Amino acid sequence: MSDTVNVSGSLRTRLTLTLIGGAAVLTVLVFVVIRGYVAQIAQQGQDSILAASVSSILDAAILREGAVEVDFPYASLSMLSTDADDRVFYAIYQDDGLLSGYDILPEPTAVSGAATVHRTVDLDGTAIRMATAARTLIGADTRTIVSVSIAQTQEALAVTLNRISRNVVIFGAGFFLLTVVLSFWATSTTIRPLRRLANSITRRGPDDLSPVAGPVPNEMAPLVASLNRLMGRLDTSLKQSEDFIAEAAHRVRTPLATVRSHAEATLQRVDRDENRMALRAMIRAIDESSRAAGQLLDHAMITFRADHLEREQVDLLEMVRELVIRMTPVAQMKDINLHVTGVDSVVATGDAILLQNALRNLIDNALKYSPPESEIAIQVMAHPKPRIEIRDQGPGFPPDEIDDLTTRFSRGDNARGIIGSGLGLTIAQDVAEAHGGTLTLSNLPGGGACATFSL
Ligand SMILES: Nc1ncnc2c1ncn2[C@@H]1O[C@H](COP(=O)(O)OP(=O)(O)OP(=O)(O)O)[C@@H](O)[C@H]1O
Ligand SMILES: [Mg+2]
């Protein structure tokens, strides 16, 4: 089984970045709009003072004996004084000629009626704001147009704008930070149901293939529905393979057992040596096939179960004791003494059926490959890891083959004449690995094999 998943990006990052990106764009937009609006209001303020100043000067213009006289009050210009000492320029024109004031201001263009015209002009690189208005003076026989322009630099305005901009920036930064925090919060709230689903599936027992029951958000419903369908199908096919393995074992072993009992019965009845020899060879072949079928099916069962480990608390010492009791008749036939040692109980988590199968194969090997009237010592240890050591007093594993004995169907030189299929150690090793453990084979200094099964 592989845990590698082809991952491309993260929903959480994508969502967070989108929200933060959106917030950044929004913040800049809000800044630009507020600044523009404030600039407009400030400009209107300056414009209305300029207009008041222009009209107070225009009001002071009179026509005396055909000549225009303007004796404008001091307040007309002093009302324009600012904190930033902005410079003020004025110009009074009669018809098209400059009557008084600065000639650096651009001449008024088509000023009509009472409306005041505002415009921003460039004066030696400085932007100045200018207001212009005109008035028609009518004398006894003259009629003349007086126009007045007042212009002012915009430093005070810039200072005000900068101050406001700074405040808007601070406000914008605060707004942005708040949105970032909210984005993280919103993202984790959105992702939470996904994570909950993943957790609930990860936490399940290996054979819990029941459908996901908890409510899920609308968008996740198709995913959960297909997951449930998949699990349904998996459940059915798992049950089918389990049934198939059991059925196959039964079908192969039963007829073999029948043939064997017939062969044995016939062996009792025939006297001729060559017939007896043939029958013995037959029985042996049947035993070989039966063993091979049994081991093959066990191996298949183990491969299948290893993917769906059924983890439960298993007392290894008790399991070994039970196995030993069951195998004592075989041991007695060879006068072998099975000796179990270990502390009170060694509890491990694992699949009891698999563990039993592995240990049975290891004890079976010790019985098969060690001489009669010997002893097999089985030691069950809890530390540092649950571990079982099986030592016998036989010839030990063939040293030059020891590394290959755990491969499928591999049998050692010493196995000649002994019934077996070469799958026992493969099974034991697969079981150990399925539990995250190892199977180590070694030979004892004083002779004899030692198989260490650790979890
Ligand atoms: N206790 C042992 N002492 C000496 N040799 C052993 C021992 N256990 C295993 N072997 C060697 O390792 C080989 C592989 O063992 P394994 O259990 O995999 O197969 P097997 O016993 O031949 O067949 P079976 O599948 O029926 O168990 C054996 O054929 C034997 O040569
Ligand atoms: Mg074996």
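Trainee: How many helices and strands are there in the protein?

Mentor: Happy to start there. This is a predicted model, where local features need pLDDT of at least 70, side-chain atom pairs count only at pLDDT 80 or more, and totals for chains, interfaces and linings use all residues. Residues are numbered from 1 along each chain as its sequence is written, chains are lettered from A and ligands numbered from 1 in the order in which they are written, and side-chain values use heavy atoms, leaving out hydrogens and water. Helices (H or I, at least four residues) and strands (E, at least two) are DSSP runs numbered from the N terminus, and the protein has eight helices and 14 strands.

Trainee: What is the radius of gyration of the protein, and what does the globule rule give?

Mentor: The radius is taken over C-alpha atoms, and the rule is 2.2 Å times the number of residues to the power 0.38. The protein is more spread out than a compact globule, because its radius of gyration is 51 Å, well over the 23 Å that the rule gives for 455 residues. Along its principal axes, the C-alpha trace spans about 170 × 45 × 35 Å.

Trainee: How many residues of helix 8 are buried?

Mentor: Buried means under 20% relative accessible area, with a 1.4 Å probe and protein chains only. Among the buried residues of helix 8 are Leu425, Ile427 and Val431, and the buried residues pack against helix 5, helix 7, strand 13 and strand 14. Helix 8 (residues 424-434) is largely enclosed by the rest of the structure, because the buried ones number eight of the 11 residues.

Trainee: How far apart are the end C-alpha atoms of helix 6?

Mentor: The expected span is 1.5 Å times one less than the number of residues. For the 18 residues of helix 6 (residues 316-333), that should be 26 Å. The end C-alpha atoms agree with this, at 26 Å.

Trainee: Where does helix 6 bend?

Mentor: The bend at a residue is the angle between axes fitted to the seven residues ending there and the seven starting there. In helix 6 the bend is about 50°, and a proline, Pro329, follows within four residues. The bending residue is also one of the buried residues of helix 6: Met327.

Trainee: Which residue just after helix 6 takes a positive phi?

Mentor: The phi there is about 60°. The residue is Asp335.

Note on methods: Buried means under 20% relative accessible area, exposed over 50%, partly exposed in between (1.4 Å probe, protein chains only). Contact means heavy atoms within 4.5 Å.
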